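Have a look at the model on the screen, and I'll talk you through the parts I'd like us to look at together.

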Amino acid sequence: MTAAAVELTPRQRTWSSFRRNPLGMASGIVLILMALVAICAPLIAPFPEGYGTDTSQPPSAAHWFGTDDIGQDVFAQVVWGTRVSMAVGVSASVLAIVIGLLIGVSAAYFRRLDTPLGVLVDLSLSLPVLPLMILVAALAGPSVRTLAVVIALFSWPEVARVVRSQALAIVPMPFVSAAKVVGGSSLWIVRKHLLPGVIPVVGVSVVLTTSRAVLAEAGLSFLGLGDPGSWSWGTILHKAQQSGALASAWWTTLFPSLAILLLVLSTTLLSVAYNDARNHRSDT
Amino acid sequence: MRFFGLRLARGLLTLWFAVTVTFFLVRLLPGDPVLAVADPNMTEELRQKLLADFGLDKPLAAQYLDYLGQLVQGNLGMSFRQSIPVTTVLMERLPWTLILTMSAMVVTIALGIPLGVLAATRAKGWLDRVIQLTGVTAQSLFVPSVGIFLMYVLGVWLGWFPIGGAVDLDATGFGATLSMLHHLVLPCLSLVFIQLGGYVLTMRTTLIDALGEDYVSLAKSKGVRPGKVVWKHALRNALLPTTTIAGLQLGTLVGGAVLTETIYAYPGIGRAIYEAVGQLDFPVLQGAFVLLAAAVVVANLITDVAYGILDPRVRTS
């Protein structure tokens, strides 16, 4: 390494090695494009509703992704679905990260809380989550907000476990004891010393939690627990399943499936690339 | 013995936690459970009678104890829609889910180990890169998408396998077994697809680590054939983390089974869940979760015991 490279801050070094990873950069661009589609959905296609005249048409110039059994444009459904799928994925993930951060840091810092919180996390992680989410979503009634809350409610333990193990490595550090000795309040120590230490790990966690949340949303909507007033990729698949189009009209299922794959795969590859870039030993 | 006792206690604690969480979620969430079975315009008298029939007029603590007492006797309540016990509904579905998930697990392990070995022994080569990238991609797949794809290509297009149900009703004897296996192929393959990535990637990493250990260098310098070093010496140790993965992936496997059964109209617990969602049959949903949680606890106990037998160290620590 040259002298100039050594002077870079860790953040700059991470960025410069991230930029050299083509898969990571491509994933980032795909995610930005999908976010743009989600934001600009009304400009791209009209909201799919009502009945159309061209029913169950394969893809054509007029309907890029074909039409479903009641004549709605599948392209418009996928575009509007991007909105709900991404919104639920991101908000569920943010909520799960906040809860996971709070629980993980408290477990690591307040020794007395560690055992009960650890047992809680362990128990939650060993339960089959999807059937539990189904039960709660069915009871609470289907809506976009229900989906986000339910998914977050059962996704935080993963985050809490990662945060706790990272925070446990920081708590015994001399600067934490020093902060205690000079009379720093617990809240101040957590904010000033623990949070900055666990944030890099949380960065990877955000991405992975989002992709898992997107899959969970798709699964719940596929089973018929989606918001009846809006479109998501899972809802499109659910309608195809109900109308019997699964085995006949391939276009009604292929395009939403590709959208899910594209979003989840690019978030996963982005987190892998970020991890590699942060791990500076690997690029020497 | 102490090790197995602790594991058993842990399993029971998990089960109690699952049961308690669902009980309180169902009772404390907004929504009148009686509304789900009856007309919203019913008289107050009828409503009270229904509440009493389902035991919903007692204090919460009494309801909870009742529920636990009933559970211990294997009673999961009555299905709202079908007016038969939930246990009856689910017990006839359980064998199908067990067949599906267990066959998927066996096939995944049978494919995952050789693929992991292949990637690890050619680490950093192009084959390794391909296997790794495929593994990551496979983990990003949405189960119903895989199911629909396989159904379309192998079922509808090529016509090799049936696309729905679990067995031909008019087949008998050996023919019935064959028909069952024939129906099992597509749902099982869908689950294998999404599970395989995790196994292969773990196998690869642990085997690469194991191949760097001293005992491997020793075996090599003694002149043991390279193939034998991998399969006999290193693999044995790399199998341990794979056992852990099997336990960790149980949740994914169960979730995947729910979605796969829905696609293929496979008559397991998952399909029962899908039907219960459509009919808002909460006792069935609750019972299905409790039953699946119990299955996961039992399967986890089995992997723990297997781990204990494979690696004597964990029994003493």
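This is a predicted model: local features need pLDDT of at least 70, side-chain atom pairs count only at pLDDT 80 or more; totals for chains, interfaces and linings use all residues.

Let's begin in a loop: Leu280(B) sits between α13 and α14 (282-310) of chain B. What is the backbone doing at Leu280(B)? Its phi is near 50°, which is a positive value in a residue other than glycine. As a reminder, most residues other than glycine have a negative phi.

Ala265(B) is not a glycine either, and its phi is positive, at about 50°. Where do we find Ala265(B)? Look in the loop between α12 (250-263) and α13 (269-279) of chain B. Ala265(B) is partly exposed too, because 13 other C-beta atoms lie within 10 Å, and a residue is exposed at 12 or fewer.

Now let me step back to chain B as a whole. Its secondary structure comes to 15 helices and zero strands. The C-alpha trace spans about 85 × 55 × 40 Å along its principal axes. Of the 317 residues in chain B, buried ones make up 35%. If you take the contacts between residues at least 6 apart in sequence, 72% of those in chain B join residues at least 24 apart. On confidence, the average pLDDT of chain B is 82, and 93% of the residues score at least 70. For the complex, the predictor gives an ipTM of 0.83 and a pTM of 0.85.

Over to chain A. How many helices and strands does chain A have? There are 13 helices and zero strands. Its C-alpha atoms fill a box of roughly 75 × 50 × 30 Å, again along the principal axes. Chain A has 284 residues, and 43% of them count as buried. For contacts in chain A with a separation of 6 or more, residues 24 or more positions apart account for 71%.

Helix α5 (residues 74-109) of chain A packs against helix α9 (residues 156-170) of chain A at an angle of about 40°, and their axes are 7 Å apart. The crossing of α5(A) past α9(A) is right-handed. Which residues meet there? From α5(A) they include Ala96(A), Ile97(A), Gly100(A), Gly104(A) and Tyr109(A), and from α9(A) they include Trp156(A), Val159(A), Val163(A) and Arg164(A). By type, the residues of this contact divide into 15 nonpolar, two polar and one charged.

α5(A) comes up again in the core. The largest nonpolar core has 137 residues, and those touching the most other members are Met133(A), Ile134(A), Ile151(A), Ile273(B), Leu285(B) and Ala288(B). The largest share of this core, 16 residues, comes from α5(A). A second, separate core of six residues includes Val207(A), Leu269(A), Ala273(A) and Tyr274(A). Let's zoom in on Ile151(A) for a moment: setting aside neighbours within four places in sequence, its contacts are Val88(A), Ala92(A), Met133(A), Ala213(A), Ala216(A) and Glu217(A).

Next, the place where the chains meet. The contact takes 35 residues from chain A and 42 residues from chain B. Which helices of chain A each supply at least two residues of the side touching chain B? They are α7 (129-140), α11 (186-225) and α13 (250-278). α7(A) gives the largest share of that side, ten residues. The side of chain A that touches chain B divides into 27 nonpolar residues, eight polar and no charged.

One last stop, at Gly184(A), in the loop between α10 (174-181) and α11 of chain A. Gly184(A) counts as partly exposed, because it has 16 C-beta neighbours inside 10 Å. Not counting residues up to four places away in sequence, Gly184(A) touches Ala179(A) and Ile189(A). How far apart are the C-alpha atoms of Gly184(A) and Gly226(A)? They are separated by 48 Å, with the two glycines 42 residues apart along the chain.

Terms used:
Residues are numbered from 1 along each chain as its sequence is written. Chains are lettered from A and ligands numbered from 1 in the order in which they are written. Two residues are in contact if their C-beta atoms, placed from the backbone, lie within 7 Å. Helices (H or I, at least four residues) and strands (E, at least two) are DSSP runs, numbered from the N terminus. Ala, Val, Leu, Ile, Met, Phe, Trp, Tyr, Cys and Pro count as nonpolar, Asp, Glu, Lys and Arg as charged, and the others, Gly among them, as polar. Axes are lines fitted to C-alpha atoms, for helices over the stretch in contact, and angles run from 0 to 180 degrees between N-to-C directions. A crossing is left-handed if the near helix is turned anticlockwise from the far one by less than a right angle, and right-handed if clockwise. A residue is buried if 20 or more other C-beta atoms lie within 10 Å of its own, exposed if 12 or fewer, and partly exposed in between; C-beta atoms are placed from the backbone. A nonpolar core is a set of buried Ala, Val, Leu, Ile, Met, Phe, Trp, Tyr and Cys residues joined through C-beta atoms within 7 Å. pLDDT is the predictor's confidence in each residue, from 0 to 100.
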